[in-house]
Amino acid sequence: MEMSIERMEAVIEAVLFTMGDSVETAKLALAIEQDKDTTRRLVHNMMDKYEAEGRGIKIIELEDSFQLCTKAEFYENLIKVAAEPKRHVLSDSALETLSIIAYKQPVTKLEIEQIRGVKSDYSVNKLIEYNLITELGRLDAPGRPILFGTTEDFLRSFGLTSVEELPTISPDKLADFRVEAEEETQIKLEI
């Protein structure tokens with residue numbers, strides 16, 4: 001017996017609610033006995049319905065997975081009932097390190113340090129602790145250095161569905177950044 005659309009939506013909703021974290025499209029497809037494209041279209045229709053109905057929850061897409069979450073506009077109401085979640089504040093050096101990893105991933109700590117010009121152990125460790133980056137494996141090179149990349153929490157924190165949505169830097173801006181960095185380096189050398 002084939003499932004109705006309403007039943008498939010109910011199954012997807014139950015799975016997303018129960019799992020709490022993101023669920024891969026392939027696993028949702030397995031749960032409703034459909035292919036990935038059909039499942040993806042069904043979830044996108046659910047996302048539109050939730051928005052049209054003004055629900056307190058929404059489904060977000062993170063690369064090739066989906067997650068059920070509370071809409072940001074209800075945060076103030078939510079913290080009246082639940083303990084306020086701990087917010088991590090990133091230092092400038094951690095944010096700089098995170099930017100390098102996001103744009104260059106997979107990247108080694110040595111590559112990060114070559115770009116920044118300073119040691120990055122503390123920033124990398126903090127970003128791992130905040131679950132914004134993770135180890136992706138090891139580079140097939142002497143010493144087998146660890147490769148780092150961003151996580152789903154990174155995407156969630158910055159409101160992205162994938163790293164492809166990161167803003168691109170125009171060549172003109174890149175040239176301006178390079179000039180600023182060179183001037184900054186000269187100032188530091190003169191001191």
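Accessible areas here come from the Shrake-Rupley method with a 1.4 Å probe, and for residues only the protein chains shown count as cover. By that method the protein chain exposes about 13,100 Å², and carbon and sulfur atoms supply 54% of this area. What you are looking at is a predicted model, where local features need pLDDT of at least 70 and side-chain atom pairs count only at pLDDT 80 or more, while totals for chains, interfaces and linings use all residues. Residues are numbered from 1 along each chain as its sequence is written, and side-chain values use heavy atoms, with hydrogens and water left out.

Let's begin with the overall form. The C-alpha atoms of the protein chain fill a box of roughly 75 × 45 × 35 Å along the principal axes. The radius of gyration, taken over C-alpha atoms, is 21 Å. A compact globule of 191 residues would have a value near 16 Å, by the rule of 2.2 Å times the number of residues to the power 0.38. Of the 191 residues, 28% count as buried; buried means under 20% relative accessible area, exposed means over 50%, and partly exposed is in between (1.4 Å probe, protein chains only). Contact means heavy atoms within 4.5 Å, and among contacts between residues at least 6 apart in sequence, 44% join residues at least 24 apart.

Next, the secondary structure. The protein chain has 9 helices and 6 strands, which are DSSP runs numbered from the N terminus (helices are H or I with at least four residues, strands are E with at least two). Strands of a sheet pair through backbone hydrogen bonds, either parallel or antiparallel. For this model, two strands pair if DSSP finds at least two bridges between them.

Strand β2 (residues 57–62) and strand β3 (residues 65–70) run antiparallel and are joined by 6 bridges. Look for Ile-60, whose bridge partner in β3 is Gln-67. The hairpin has 2 residues between the strands, and Glu-63 takes a positive phi near 55 degrees.

Now turn to the open sheet, where 3 strands follow the order β4-β6-β5 with antiparallel pairing. Its edge strands, β4 (107–108) and β5 (133–138), each pair on one side only. Between β4 and strand β6 (residues 146–150) there are 2 bridges in the antiparallel sense, and Val-107 stands opposite Phe-148 in β6.

Helix α8 (residues 152–157) holds Leu-155. Leu-155 counts as buried because its relative accessibility is 2%. Leaving aside residues up to four places away in sequence, Leu-155 touches Leu-62, Glu-63, Leu-160, Thr-161, Ser-162 and Val-163. Glu-135 is 20 residues from Leu-155 along the chain, and their C-alpha atoms are separated by 16 Å.

Follow the chain into the loop between α8 and α9 (171–190), and you will find Gly-159. With 63% relative accessibility, Gly-159 counts as exposed. Gly-159 and Leu-62 are 97 residues apart in sequence, yet 9.3 Å apart in space, C-alpha to C-alpha.

One last stop is His-88, in the loop between α4 (75–79) and α5 (92–104). His-88 has 39% relative accessibility, so this residue counts as partly exposed. From His-88 to Leu-127 there are 39 residues in sequence and 9.9 Å in space, C-alpha to C-alpha.
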